[in-house]
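The following questions and answers guide a reading of the model. Please keep the sequence and the structure in view while working through them.

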Amino acid sequence: MTTLAPSRTSNTKSARTPKGAVSAHDKPSYLSTGILILGALYCLFPVIWVVAAASKDGNELFSTFTLAPSTHLWDNIVALTEYRDGLFWRWMANTALYAGVGAIVSTWVSALSGYVLAKFDFPGKSGIFKVLLMGVLVPGVILAIPQYLMLAQAGLTNTYWSVLLPQIISPYGIYLARIYAAASVPGDVIEAARTEGAKEMYIFNRIAAPMMLPGLVTIFLFQFVAIWNNFMLPYIMLGDDHLFPITVGLNGLLNQGASAPALYTLVLAGALLSIIPLVIMFLLLQRYWRVDLAAGAVKA
Amino acid sequence: MRKSFRAGAVAMLAAAAMLTAGCSGTSGTDAGSANDPNQKVELTYWAWAPNLDKVVEVWNEKNPNIHVTVNKQDGGDPAVTKLLTAVKAGSGAPDLIQAEYQKIPTLVAADALADLSGTEANETKSHFPEGVWDSVTLGGDALYAVPQDTGPMVFYYRADIFEKLGLSVPTTWDEYAQAAKAVHAADPEAYLGTFSSNDAGWFTGMAQQAGASWWGVDGDAWSVNIDEDPTNKVAEYWGGLVEEGTIDNKPMYTPEWNTALNTGKQVGWLSAAWGPGVLSGNAGATAGLWKVAPMPQWDASKPSTGNWGGSSTAVTTQSKNAEAAAKFATWLNTDPEAVQALVKETGVYPADNAGAKSALTAAPEFFSHQPDFYEVVADAAQNVGSFTYGPNVNVAFNAYNDQFAKAAQAKQKSAFSDAVKSMQQVTVEDLKQTGFTVK
Amino acid sequence: MAMTVTKPGPAADTAAGPSRRAKNFKSRVLIPYAMLAPGIILFLVFMAAPIVYTLVLSFQKKKVSGLGLGKGSQSQVFAGFENYVSALTDPEFLGSVLRVLLYGLILIPLMLGFALLFALLLDSRRTRAGSFSRTAIFLPYAVPAVISSLLWGFLYLPGVSPFHFLARQFGVALPSLLDPNLVTFAICNIALWGGVGFNMIVMYTSLKAVPSEIYEAAKLDGCSEIQTALRIKIPIIAPSLVMTALFSMIATLQVFAEPTTLRPLANSLSTSWSPLMLVYRDAFTRNDVYSAAATSIVIAAATFIISFLFLRVVQKRAFGQEN
């Protein structure tokens, strides 16, 4: 994969005209461009709707045309910030902690495991890999209950650890890391380092991991989104709403019980604000984003 | 390499020890003996009523030795779910929990609630209506919670639209049906109300009004009495209205329902004493247009109503400071200052008779044009019938959601009767399967 | 050889292995296992142990004596295969499985079809606005399912939907997507919206890994853009298609957040609409972890069998010549 990357890099512009030779076939096609833009609009539409909805006050939200924007976006953000002394921003910070720290540690563990599974030959290797892979098939909802019962034995429920620790292991991340390691870390480089007497962990941290970096960014993003999206685990583990991530917090604002109104304006403003950091992160990192699920297969 | 592996293992062990020591649960279990009055006690309290933490602040200022921390929950169901899981796990439960009355038998069955009959909470009996007291004692000698608020059902309606259509406020269910017809005839998009398959508590309150009591105790056996005359009468009545199309069949508490409240397409709402908070939150612009009236009656000569919502303060079996927790629960629900703060901050209708009388003088802001608001509600509170909940209310309510969703979608009177039968069957089967004796 | 799942150890792995050189026990066994230790320990503690625990629970049940209200009146007893028998004969469970199969049959072809179409369009040299579209189509992947279902719920409800509003202006009455016969499509749409971008990126990445010389050659042979796509590009990225299909199938069987969020908005979704909703209901609403555990094991086993069969079939069909 890496050997091929330079000829067709992840930058779309150069991918379109890799040799700078624009032939007659490359003139713009309105049909294909049009279809693609329709797809883009379909995906953007609910986001546009959120922007409009988050700019309305409580009465406008349920009385004016849904797509007509209003002027209360800032008021809603202020109200959201004032809600229980800025709890919303605490939820944002918690989410950054769970997803950010969780994904970094998870990426490191996945990379190390994937590297060993790809580059070492040892008894039990294929068995371990198969068992790890089966983890992909187990739904998180099913694991959440026994995980709770076990963490409660250790007195860890209702702490940051109860959400962080179970999400570090990612069979999918290990699977991807194994592919990236096999494709991007040449065996003779490892051999050369060993001959010079480098320790194995030094080889991994200083030589192999940097070679796998673009792939590791993908695993990081992947794991970040997985933790960000995981509703069930924090929902079950946490009792104190100062520890909630944003999804569980916003869900709570919606489901206040029958005797209190759902706080729709706060939820919609919160939903909008919570998407923004992710969008920025994706825009910054997307040139590394290459989930080549079958890269190893293409090579072989 | 081996050395670094060993170092890593030591680091992991150290990290694990640090986790357990530094970050274990907040469940106030390390506060020492409860007998020493000068010992500082930390209590955690799972509650979902909005702003309850502000009432608790009053307590914390006055009682520096018993500090209570409120952990806001998502509502009655998630809080109970989490408590049951924590009890199963043996740790992780708070000291106190806000528990709806219908959840108490379930919680007691799971051994989640401490018996408070030996504490000062037992002296509060005279504060509460008898029916409410029964639901926290389950009719026995034990005391499982201190009542906090109740939700006597009343009828909210858009006075302006009623006036425009020349309708008078329905006092019986027959009149309600006629008014519903008139509202829908005047505007095909407008309804006097909706039948909500999402709100089992709402339907339970109306069955209670008709004289139902879904569970009963007979010696060592439970009885389930859902599929009986009162509930069938209510189900058939609503099935008939939905079949005619004069009543809406969509759930309450959806964005669509909020819109309808705002635009006057939902002209009435059968709700409870806490209704003003929901109305002002969802349709603030309609302030001044709503009025409250007693529930329509089955028999106008014998007025009665049901409860929708209402909750109590319970102490969990995992609390190491049950005595202090009971002291706080007693204060929160019977001290005049606390009850006053409950009314002001959380908008609930207090269960404490005397407290309700002294605290509820002025109508809530959303109903400031109707000075006799709390007189109507207080009258309703006097007429709440008794109702026994069983150990599997969750199963029955879940069956309500699924069965009545089907019935409301089918828009057939017969489907509503079938839904009652299914509820009965599912509830009985669950009890039997778990090993309860069912009569 | 995409089938590393069933046939691990491609040539690239072993060639670089230390087996040639290091013969002693330490470097052959101790070092790899020490480096795998964090992964293995975490796997054992947070995946394997909970699964074993679930298995144990699935063979138990709750037993009550008397009214079940006093201390110790409820206990846990051995249930044998009782929970499994009742799970497999429960019409609600079978109904939820059938609903999810239908849901998958609609969703997976649509999602992969659109993802492939968008990936090919992005890869085509004649498409403009590629960078914008790629980002826009990928964006929904960053929106948690709980939030996206809430947004779409607003767009579905006839009383608040802009689509219904516009249709009413023209005197047309649109059917509600939340009606019982359409609600599957409503859930499919949310999953499609959230998933098409991810699958598109996976396929697009594979497409870019193909040397451009192949396309040049095809063009010289007079292949049109569409012919190139059908005859060259799609076969080349077939392994990627297989993997996206597999992961989509696994995700489909686990559908939970979307129907759970939509359920309170209408009468058309039951609390046992999908198998995982049934598990959630048993475990949390009905407080019966034992039945929930048995159903979980059945779902996990079924997922495993389906994935395995799928890979076997595809492997024979598409990769038979390579092996």
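Q: Which residues form the covered face of strand S6 of chain B?
A: In this predicted model, strand S6 of chain B covers residues 221-224. Its uncovered face holds Ala221(B) and Ser223(B). The covered face consists of Trp222(B) and Val224(B).

Q: Which residue of S6(B) is the bridge partner of Asp218(B)?
A: Strand S5 of chain B, residues 215-218, runs antiparallel to S6(B), and four bridges join the two. Asp218(B) has its bridge partner in S6(B), namely Ala221(B).

Q: Which residue in the turn between S5(B) and S6(B) has a positive phi?
A: The two strands form a hairpin, with two residues between them. A positive phi of about 65 degrees occurs in the turn, at Gly219(B).

Q: Over which residues of chain B does pLDDT stay under 50?
A: Chain B averages a pLDDT of 88, and 91% of the residues score at least 70. Where pLDDT is low, predicted coordinates should not be read in detail. In chain B, the model has 47 contacts beyond four places in sequence for the stretch where pLDDT stays under 50. That stretch is residues 1-34.

Q: How many residues does domain 2 of chain C bring to the contact with domain 1 of chain C?
A: The domain assignment of chain C gives domain 1 as 18-58 and domain 2 as 90-313. Their centres, taken over C-alpha atoms, are separated by 34 Å. Domain 1 of chain C supplies four residues to the contact, and domain 2 of chain C supplies six residues.

Conventions. Residues are numbered from 1 along each chain as its sequence is written. Chains are lettered from A and ligands numbered from 1 in the order in which they are written. This is a predicted model: local features need pLDDT of at least 70, side-chain atom pairs count only at pLDDT 80 or more; totals for chains, interfaces and linings use all residues. pLDDT is the predictor's confidence in each residue, from 0 to 100. Two residues are in contact if their C-beta atoms, placed from the backbone, lie within 7 Å. Domain bounds come from an automatic or database domain assignment. A residue is buried if 20 or more other C-beta atoms lie within 10 Å of its own, exposed if 12 or fewer, and partly exposed in between; C-beta atoms are placed from the backbone. Two strands pair if DSSP finds at least two bridges between them.
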